[in-house]
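Take a first look at the chain below. The report that follows walks through selected features, part by part.

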Amino acid sequence: MVVTKMFGAAVKRREDPRLITGRGNFTDHIQLAGTLVMAIKRSPHAHARIVRIDTSKARAMRGVVAVYTGQDLVDKLAPVPCAWLVPDSDLKVPPYRAVAVDKVRYVGDAVAVVVATDRYIAQDAVDAIEVEYEPLPAVVDQEKALEPGAPQLYDEVPNNLAFHWKLHAGDFDAAWDAAEVRISRRLVNHRLIPTAMEPRGALAAYNPGTGELTIWCTSQNPHVHRLLLSSVTGLPETHIRVIATDVGGGFGSKIPMYAGEMIAAAISKDLGRPIKWIETRQENYVATIHGRDQIQYVDIAARRDGTITGVRVRAYASMGAYLSTAAPGVPTWLFGLMLQGPYAIPVVHCDVYGVLTNTTPTDAYRGAGRPEATYLLERMIDLLARELGMDPAEIRRKNFIPKDQFPYTTPTGLEYDSGDYEATLDRALELVDYQNLRREQEELRKQGRYIGIGFSTYVEVCGLAPSQAAGAMGFQGGLWESATVRVHPTGKVTVFTGSNPHGQGEETTFAQLVADELGVPFEDVEIVHGDTEMVPFGMGTYGSRSTAVGGAALVYACRKVKEKAQRIAAHLLEVSPDDLVFENGRFFVKGAPDRGMTFQEVALQAYLAWKLPRDIEPGLEATHFFDPVNNTFPFGCHICVVEVDPETGKVQFRQYVAVDDVGNVINPMIVDGQVHGGITQGLAQAVYEFAAYDENGQLLTGSLMDYAVPKASMLPSFTVDRTVTPTPVNPMGVKGAGETGTIASTPAVVNAVIDALAPFGIDHIDMPLTPERIWRAIRERSR
């Protein structure tokens with residue numbers, strides 16, 4: 001493919017050849033001399049007192065170097081941190097020890113740690129540790145956890161209520177009283193397991209001579225990990241190096257600080273040996289965070305013509321057994337602020353109760369709060385349309401924020417940057433051939449076949465920023481990003497970015513940005529990330545912020561470099577910088593294109609420094625820290641078409657159309673891939689995936705034998721398209737694409753299934769819509 005402009009080109013991902021041929025550099029690939037292997041003894045009980053731990057058999061085993069209990073590590077590690085302290089919510093953060101000292105509070109809680117010469121000996125030693133427990137009553141349902149007499153997880157958290165967060169915009173009682181139509185419904189957004197391809201792991205190497213710790217780990221934000229490791233180990237931040245080069249997916253699950261890497265760091269310091277810990281898939285399922293898990297009571301007020309006048313939500317969010325790193329912010333700010341969606345709803349009321357339960361802690365999972373908000377809103381709009389006898393597409397159109405009202409300030413205080421919501425709806429209707437599809441639906445119903453058409457029109461907040469807003473929301477960090485662009489004497493370019501891609505493709509898209517900005521060949525740009533000793537401090541990758549924030553920092557750094565290069569070129573060409581034009585990697589004099597220098601020639605002169613202006617330093621590099629003034633707000637319309645077999649309850653996907661607007665697109669192929677992956681995860685929540693506990697707190701879906709991650713054969717072909725509404729928030733006009741598919745697809749699928757079941761009088765089934773649940777709902781209505 002001949003490419004003349006890199007921005008907008010569907011360039012193949014440059015990172016893929018090493019990844020798909022097994023040449024990636026993942027945490028478990030790192031080998032250091034003298035490394036010991038760590039394994040963790042985990043609680044089989046969801047709630048119990050630790051009466052006695054006998055480690056004598058484990059200690060006596062050949063190849064076992066050390067065994068630690070929680071008591072051994074109390075003075076070596078501070079509690080696991082929570083870094084989103086939501087204000088004005090009566091937040092209670094109970095202390096959570098990396099290894100339990102007196103009590104375990106979920107299945108998978110660490111109770112002892114073994115260090116051995118290899119992982120097989122370590123696991124055998126873990127099995128040899130004898131722990132006597134006094135089982136205690138457990139509670140796994142967040143509503144039951146708030147009831148009087150429920151088992152209490154912590155003495156310092158009465159009634160298991162970690163926080164009560166409120167966001168009230170407008171007078172909902174007045175809107176409800178004046179409403180011509182009122183719809184109320186209990187909805188469940190069930191618990192999910194992220195299931196990244198690479199489980200978590202760490203290799204910690206403490207150097208007793210220098211007092212420095214190097215740790216390779218599976219992190220989405222290495223600098224944040226370094227900061228948190230400093231706080232829990234007591235080591236100076238300057239003595240810790242975190243490296244996370246290739247990371248096999250995260251979906252939010254590799255944002256938090258976990259017990260595993262903390263323990264490895266402490267033991268490496270204690271023994272003066274490298275310590276490696278790689279979790280098994282079963283450990284990943286019980287000890288890595290889960291996502292979602294909300295019970296929502298939703299009221300929607302409207303006029304008879306379909307105009308929505310208010311939304312009220314009371315949500316009970318299960319936080320699990322402790323508050324993970326970013327956990328309190330997910331069901332509060334990232335959820336409540338988006339309850340308006342793309343609609344001109346004047347009143348939004350939200351109360352969120354964060355509840356501790358004897359389950360794996362929850363935290364950010366792809367979309368993080370926004371899928372929960374979009375799901376309830378899109379389900380309620382379908383219920384409202386059904387009540388009014390309106391077309392579900394037209395009731396959405398009627399309530400859209402008009403395109404001439406952007407930037408638009410929502411009742412909850414967000415400023416939507418740009419949008420044209422009708423354009424995505426119209427394009428999706430065209431692609432799905434909506435009118436003919438409705439006619440086909442009617443004909444098939446006469447034959448006893450049931451197809452359904454489901455809509456999801458959404459807007460999401462991403463490119464999370466600015467830092468002042470983060471501080472106001474209680475986030476214990478900034479939301480800016482950094483980039484250093486270093487041009488070498490030959491004109492080759494190395495970029496050091498604080499973002500940390502782990503599947504998103506920024507090694508490609510960032511190189512495309514640099515190639516366009518500096519006019520250098522795409523192949524001459526190297527992207528370096530994931531090493532705190534090499535790159536400037538950065539906030540990491542999550543919330544679809546890498547390109548919108550990290551990419552913007554990169555572009556501004558490139559422009560600083562280009563400005564300096566132009567001054568050098570002007571001096572060498574003996575003209576004013578204003579007299580130069582920069583095109584296709586070459587500076588030349590206006591009106592005299594033959595008088596010029598290539599970017600590479602200028603780079604060489606910058607380092608030779610034979611003839612530089614007096615006020616210009618040698619070298620050619622620049623650093624920029626970009627703190628956006630606002631978030632970005634992608635939007636779109638997804639339409640799912642299914643057929644449901646009433647005899648078996650099986651859902652067959654016939655068609656899926658996604659029209660998204662993510663602003664300007666750097667690489668269409670990568671954006672399409674992100675949308676495909678996002679749709680798959682959201683679709684999986686709708687009909688396949690479900691993290692289920694029994695009443696004793698045992699995870700019933702604790703392996704890939706039981707947790708239904710879909711196969712490619714279970715998915716439809718996706719038709720993806722785009723409209724383009726650039727954002728003014730960053731210089732590229734990009735909005736972010738990593739989470740759009742997950743946010744939009746779940747309600748689109750559920751709405752499609754319920755639409756197919758309309759002739760049976762079924763207007764709702766809680767997710768996941770398994771064949772059994774659908775079959776039972778049909779049978780109950782057919783009695």
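## Cysteines

Cys640 is buried, with a relative accessible area of 0%. This is a predicted model, and the values here come from its atoms. Cys217 is buried too. Its relative accessible area is 2%.

How many disulfides does the count give? The count comes to zero. A disulfide is a covalent bond between the sulfur atoms of two cysteines. The cut-off for calling one is a pair of cysteine sulfur atoms within 2.5 Å. For Cys217, the closest cysteine sulfur belongs to Cys82 and is 19 Å away, so the two are too far apart for a bond. Cys640 is in no disulfide either. Its nearest cysteine sulfur, in Cys637, is 12 Å away.

Strand 23 covers residues 586-589. Four bridges join strand 23 to strand 24 in the antiparallel sense. Phe587 has Met597, in strand 24, as its bridge partner.

## Salt bridges

How many salt bridges does a search of the whole structure find? The search finds 49. One of them joins Arg396 and Glu378, with the closest N and O atoms 2.9 Å apart. Arg396 sits in helix 12 and Glu378 in helix 11 (residues 370-388), so the pair ties together parts that are 18 residues apart in sequence. Both Arg396 and Glu378 are buried.

Arg449 and Glu643 also meet in a salt bridge, at 2.8 Å from N to O. Arg449 lies in the loop between helix 14 (434-446) and strand 18 (450-459), while Glu643 belongs to strand 26 (residues 635-644), so this pair ties together parts that are 194 residues apart in sequence. Arg449 is partly exposed, at 35% relative accessible area. Glu643 counts as buried because its relative accessibility is 14%, and the cut-off for buried is under 20%.

Glu517 pairs with Arg559 in another salt bridge, at 3.2 Å from N to O. Glu517 lies in helix 16 (residues 506-518) and Arg559 in helix 17, so the contact ties together parts that are 42 residues apart in sequence. Is Glu517 buried or exposed? Glu517 is buried, with a relative accessible area of 13%. Arg559 counts as partly exposed, at 35% relative accessibility. Elsewhere, Glu394, Arg397, Glu422 and Asp426 are linked in a network of salt bridges.

## Backbone features

Two cis peptide bonds come next. One joins Phe406 and Pro407, with omega about -5°. Pro407 is in the loop between helix 12 (392-399) and strand 16 (408-409). Another runs from Met767 to Pro768, with omega near -10°. Pro768 is in the loop between helix 20 (740-756) and helix 21 (771-782).

Ser544 is not a glycine, yet has a positive phi of about 50°. Where does Ser544 lie? Ser544 is in the loop between strand 21 (525-528) and helix 17 (546-573). Ser544 is buried, with a relative accessible area of 14%. Glu574, also not a glycine, has a positive phi near 60°. Glu574 lies in the loop between helix 17 and strand 22 (580-583). Glu574 is exposed, with a relative accessible area of 65%.

## Around Gln674

Gln674 is part of helix 19 (residues 668-687). Gln674 is buried, at 15% relative accessible area. Which residues does Gln674 touch, leaving aside those up to four places away in sequence? They are Arg366, Gln504, Ala737 and Gly738.

Terms used: Residues are numbered from 1 along each chain as its sequence is written. This is a predicted model: local features need pLDDT of at least 70, side-chain atom pairs count only at pLDDT 80 or more; totals for chains, interfaces and linings use all residues. Side-chain values use heavy atoms; hydrogens and water are left out. Helices (H or I, at least four residues) and strands (E, at least two) are DSSP runs, numbered from the N terminus. Buried means under 20% relative accessible area, exposed over 50%, partly exposed in between (1.4 Å probe, protein chains only). Contact means heavy atoms within 4.5 Å. Two strands pair if DSSP finds at least two bridges between them. A salt bridge is a side-chain nitrogen of Lys or Arg within 4 Å of a carboxyl oxygen of Asp or Glu.
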